[in-house]
Amino acid sequence: MARILTVDDSAAMRQMVEVTLTSAGYDVAQACDGREALGIAETNTFDLVITDVNMPEMDGLTLVRELRGLASYRHTPLLVLTTEATAERKLEGREAGATGWIVKPFNPDKLLATVAKVLK
Amino acid sequence: MDTSTTSLTLKLREFEFGDEDFQALRALVRDVTGISLSEQKRELVYGRLARRLRALNLRSFREYRELLSQDDGGELVQFCNAITTNLTAFFREPHHFDHLKQDVLGPLLHKPAAGRRLRIWSAGCSTGEEPYSIAMSVLEAVPDIERWDIRILATDLDSDVLEKARRGVYTAERLQTLSAERRERFFEPYHDAKEPSYQVRPELTRLLTVKQLNLMHPFPMKGPLDVVFCRNVVIYFDKDTQRELVARVSRLQRPGNLLFLGHSETLFKVSTDYTLIGRTIYRRS
């Protein structure tokens with residue numbers, strides 16, 4: 001089953017994402033911010049990373065840029081999961097290398113559908 | 001890596017170091033220490049062992065492997081020490097020490113005298129920077145240390161680094177990252193060294209118990225361990241070994257106790273006994 005890394009500074013949000021994804025059979029790892037996520041991603045392999053944007057230490061878009069710089073994550077789907085929804089921020093996300101953008105609060109079925117789509 | 005870069009790298013090196021050398025030494029490290037080095041640790045192996053080759057006047061890693069195969073144990077110890085020694089620093093990954101002060105030691109201050117027992121384990125303490133940073137955090141947070149029962153257990157596989165940890169002597173350069181206030185309070189000038197050096201004060205040493213321990217062997221200590229620093233340790237083990245090690249650590253902890261990992265480590269696929277509560281900070285469920 002696909003291995004997914006979920007990155008969010010809110011424990012409640014990490015838990016909700018993990019419960020949603022594990023219920024569908026995915027293996028889920030957690031990280032609290034971009035910096036932890038980057039460290040973990042460098043030494044582990046993931047098929048998908050889902051990240052929040054506003055986080056301490058390293059924000060989600062910087063994480064996406066950093067991951068795209070790693071050979072092993074050049075083609076890995078990277079989804080952004082955030083309360084931000086302006087067109088400029090989405091464009092910024094796309095330019096950073098994000099595969100898709102999901103707005104919080106998320107609908108579990110929709111999240112699973114997006115995950116299934118990008119993992120295909 | 002393509003072959004042109006490989007041969008280029010080989011030419012630039014002081015000692016010949018082929019893939020078969022790396023694979024053989026890697027297998028030996030695994031057999032002797034249980035530590036599994038990834039493909040990415042090629043440079044680390046070369047860098048750490050080049051010093052041994054120079055000391056022994058050898059010209060290639062092939063010669064070094066031959067020497068190891070005929071060795072009676074002396075060089076094998078040097079070999080293990082060279083590979084497992086971690087570069088470390090005082091208050092490395094400072095958020096762990098902040099968390100220790102604010103969320104472990106702080107709340108404990110309000111407990112009645114009977115609850116003032118705290119056990120902290122620095123697993124993989126190397127030359128002592130980590131356990132002494134823990135000790136400094138403890139002394140900064142706890143005003144009346146003599147009324148507490150606080151012990152820091154510092155262990156490592158490598159006997160050389162443990163000797164350094166016990167002595168607690170560091171060059172002034174190593175102390176540069178410390179604030180002047182900390183250096184004044186916790187260190188005193190040490191004159192019996194070539195370079196300007198400092199030694200940790202007895203109030204720090206008193207909190208520590210330094211012991212040699214192979215993490216693959218049964219743990220001699222009894223729990224519960226309120227806080228375990230196990231940073232940049234599991235990264236050297238394969239997943240199965242990580243699972244077994246964390247399961248044994250978990251048995252020494254009670255719900256609510258903490259486990260700190262290194263910046264690139266995770267309990268993903270390793271243990272479900274813990275919940276992530278902060279950056280590489282896990283709480284025993």
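Student: How many residues does the contact take from chain B, and how many from chain A?

Tutor: In this predicted model, the contact takes eleven residues from chain B and 13 residues from chain A.

Student: And on the chain B side, how many of those are nonpolar, polar and charged?

Tutor: The residues of chain B that touch chain A divide into four nonpolar, five polar and two charged.

Student: OK, switching to chain B by itself: how many helices and strands are there?

Tutor: Chain B has eleven helices and ten strands. Its radius of gyration is 21 Å, close to the 19 Å that the globule rule gives for 285 residues, so chain B is as compact as a globular protein of that length. Along the principal axes, the C-alpha atoms of chain B fill a box of roughly 65 × 50 × 35 Å.

Student: What share of chain B is buried, and what share of its contacts joins residues 24 or more positions apart?

Tutor: Buried residues make up 35% of the 285 residues in chain B, and, among its contacts with a separation of 6 or more, 73% are between residues 24 or more positions apart.

Student: Let me zoom in on strand E7 of chain B: which residues point which way?

Tutor: Strand E7, residues 227-230 of chain B, has Val227(B) and Phe229(B) pointing one way and Val228(B) and Cys230(B) pointing the other way, and all of them are buried. In a regular strand, side chains alternate between the two faces of the sheet.

Student: Which strands does E7(B) pair with, and in what sense?

Tutor: E7(B) pairs with strand E1, residues 117-123 of chain B, in the parallel sense over three bridges, and Ser122(B) stands opposite Phe229(B). E7(B) also pairs in the parallel sense with strand E8, residues 258-261 of chain B, over four bridges, with Cys230(B) standing opposite Leu261(B).

Student: What do E7(B) and E8(B) make together with helix H11?

Tutor: With helix H11, residues 239-251 of chain B, they make a β-α-β unit, and this unit is right-handed.

Student: Now chain A: what pattern does it follow along the sequence?

Tutor: Chain A has five helices and five strands, and reading along the sequence gives the pattern β-α-β-α-β-α-β-α-β-α.

Student: Why would one call its radius of gyration in agreement with a compact globule?

Tutor: Because a compact globule with 120 residues would have a radius of gyration near 14 Å, and chain A has 13 Å, which agrees. The C-alpha trace of chain A spans about 35 × 30 × 30 Å along its principal axes, and 39% of its 120 residues count as buried.

Key
Residues numbered from 1 in each chain as written. Chains lettered and ligands numbered in written order. Predicted model: local features only at pLDDT ≥ 70, side-chain atom pairs only at ≥ 80, totals over all residues. Helix = DSSP H or I, 4+ residues; strand = E, 2+ residues; numbered from the N terminus. Rg over C-alpha atoms; globule rule 2.2 N^0.38 Å. Buried ≥ 20, exposed ≤ 12 C-beta atoms within 10 Å, placed from the backbone. Contact = placed C-beta atoms within 7 Å. Nonpolar A, V, L, I, M, F, W, Y, C, P; charged D, E, K, R; others polar. Pairing = 2+ DSSP bridges. Right-handed = clockwise from strand over helix to strand, strands pointing away.
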